[in-house]
Amino acid sequence: MDPDSVKSTLSNLAFGNVMAAAARDYQKEVLAQEKVQASSSVNQDIDLDELMDDPELEKLHADRIAALKKEAEKRQALKRQGHGEYREITEGDFLGEVTGSEKVICHFYHREFYRCKIMDKHLKSLAPIHVDTKFLKLDAENAPFFVTKLGIKTLPCIIFFRNGIASDRLVGFQDLGGKDDFSTKALEGFLLKKGIIKENKKEEEDDDSYDDRNRSVRSSINPDSDSD
């Protein structure tokens, strides 16, 4: 036999043995990884079962459910008192409304005043969000007694009531930049600063939502206004 031919054959056999060994090693490694994954899955199932049986976690869950239920009941009770919407009242309703809730915002307005219409739209947007506070409006022309009693001289005028007592006010747009195009968020920020509403984390809205709402406010007051 040709020595070179024998050498080539032996070399090919050696290469084949190396490849076979590599294939066996790869197969072993794959099987080992599958075992590790299976073991991890079993351990995860056991850990989850242990967590579900953890009395502390069960108590936290129960407490959270109870808190949510209490909050829902509180919101329903407030809505029965007229919270959650922006409502118009009469002079005869006034005392009962402002003394019937802890925090009340009452907008004294004039039907023909453009700025009162702007304020209306913003308050209407905020009322369903801040249910803890009652939002009202009262036609100043039809409430001369309280207009005089509260010293209201400029409209729009928003009076803040705490437990039936007038605690502060917003006159015109002087604290909102003095211009008609202030945002709902700007008004909300002012009311938060005054403490007449509280931050509602559950229903927080991003800036885009406020921008959409403000465009809606402007277009509903003036259909010909630019929507940009």
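User: In this predicted model, which residues of helix α6 are buried, and where on the helix do they lie?
Analyst: Helix α6 covers residues 184–194, and its buried residues are Thr 184, Leu 187, Glu 188, Phe 190 and Leu 191. Seen down the axis of α6, these residues fall within an arc of 160°. They therefore line one face of the helix.

User: Which residues of α3 are buried, and within what arc do they fall?
Analyst: In α3, residues 91–99, the buried residues are Phe 94, Glu 97 and Val 98. Viewed down the helix axis, they line one face of α3, because they fall within an arc of 90°.

User: What lies on the other side of α3, and what covers its buried residues?
Analyst: Gly 92, Leu 95, Gly 96 and Thr 99 are on the other side of α3 and are exposed. The cover over the buried residues of α3 includes helix α5 (144–149). It also includes the strands β1 (86–89), β2 (103–109), β3 (134–139) and β4 (157–162).

User: How many residues of β3 are buried, and which way do they point?
Analyst: Lys 134, Leu 136 and Leu 138 point one way from β3, while Phe 135, Lys 137 and Asp 139 point the other way. Residues on both sides are buried. The count for β3 is six of six.

User: Which strands pair with β3, in what sense, and what is the hand of the crossover from β2?
Analyst: β1 pairs with β3 in the parallel sense over four bridges, and Ile 89 stands opposite Leu 138. β2 also runs parallel to β3, joined by six bridges, with Ile 105 opposite Phe 135. From β2 the chain passes through helix α4 (residues 114–126) to reach β3, and this β-α-β crossover is right-handed.

User: Where is Pro 156, and is the peptide bond from Leu 155 to Pro 156 cis or trans?
Analyst: Pro 156 is in the loop between α5 and β4. Most peptide bonds are trans. The bond from Leu 155 to Pro 156 has omega near 0°, and is cis.

User: What is phi of Asn 163, and is this residue buried or exposed?
Analyst: Asn 163 is in the loop between β4 and β5 (165–171). Most residues other than glycine have a negative phi, whereas phi of Asn 163 is positive, near 50°. Exposed means a relative accessible area over 50%. Asn 163 has 58%, so the residue is exposed.

Key:
Residues are numbered from 1 along each chain as its sequence is written. This is a predicted model: local features need pLDDT of at least 70, side-chain atom pairs count only at pLDDT 80 or more; totals for chains, interfaces and linings use all residues. Side-chain values use heavy atoms; hydrogens and water are left out. Buried means under 20% relative accessible area, exposed over 50%, partly exposed in between (1.4 Å probe, protein chains only). Helices (H or I, at least four residues) and strands (E, at least two) are DSSP runs, numbered from the N terminus. The arc is that of the directions from the helix axis to the C-beta atoms. Contact means heavy atoms within 4.5 Å. Two strands pair if DSSP finds at least two bridges between them. A crossover is right-handed if, with the strands pointing away from the viewer, the path from the first strand over the helix to the second runs clockwise.
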